[in-house]
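Biologist: I have not looked at this one before, so could you walk me through it?
Modeller: Gladly, here it is.
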Amino acid sequence: MEKEKLYQKISQEILENIGGPQNIQGAAHCATRLRIVLKDLSLVKTDKLENIDLVKGCFIAGSQLQLILGAGTVNEVYKVFAKEAKLEKYVFI
């Protein structure tokens, strides 16, 4: 699968399992993690998120969902995820 399509599929699966784009307050990434600040953490399906391609782990810290994707990969997934989620707010961490 072409990388862009794979990242799009991953982004869509993440959105499905976090309550959709309307549940996102903001998102950012660090060197290895996609960090998503959510309005309602009860909508998160961590078991499903951990089974998405390239996701090495996920956990919640405060009001933030963190998906471990790894160096390099996280930057590329974030670009596609931000587009898919139509993010206008950016949270810098």
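Modeller: Helices (H or I, at least four residues) and strands (E, at least two) are DSSP runs, numbered from the N terminus. This is a predicted model, where local features need pLDDT of at least 70, side-chain atom pairs count only at pLDDT 80 or more, and totals for chains, interfaces and linings use all residues. Residues are numbered from 1 along each chain as its sequence is written, and side-chain values use heavy atoms, with hydrogens and water left out.
Biologist: Okay, where is Gln 64 found?
Modeller: Gln 64 belongs to strand β4, which covers residues 64–68, and Ala 61 stands opposite Gln 64.
Biologist: Is Gln 64 buried or exposed?
Modeller: Gln 64 counts as buried because its relative accessibility is 13%, where buried means under 20% relative accessible area, exposed over 50% and partly exposed in between, with a 1.4 Å probe and protein chains only.
Biologist: What order do the strands of the sheet take?
Modeller: The 4 strands form an open sheet in the order β1-β2-β4-β3, with antiparallel pairing; two strands pair if DSSP finds at least two bridges between them. The edge strands, each pairing on one side only, are β1 and β3 (57–61).
Biologist: How many bridges join β3 to β4?
Modeller: There are 5 bridges joining β3 to β4.
Biologist: Switching topic, where is the place of Asn 17?
Modeller: Asn 17 sits in the loop between α1 (3–16) and β1 (24–29), and Asn 17 is buried because its relative accessible area is 8%. The C-alpha atoms of Asn 17 and Asp 47 are separated by 9.2 Å, although the two residues are 30 residues apart along the chain.
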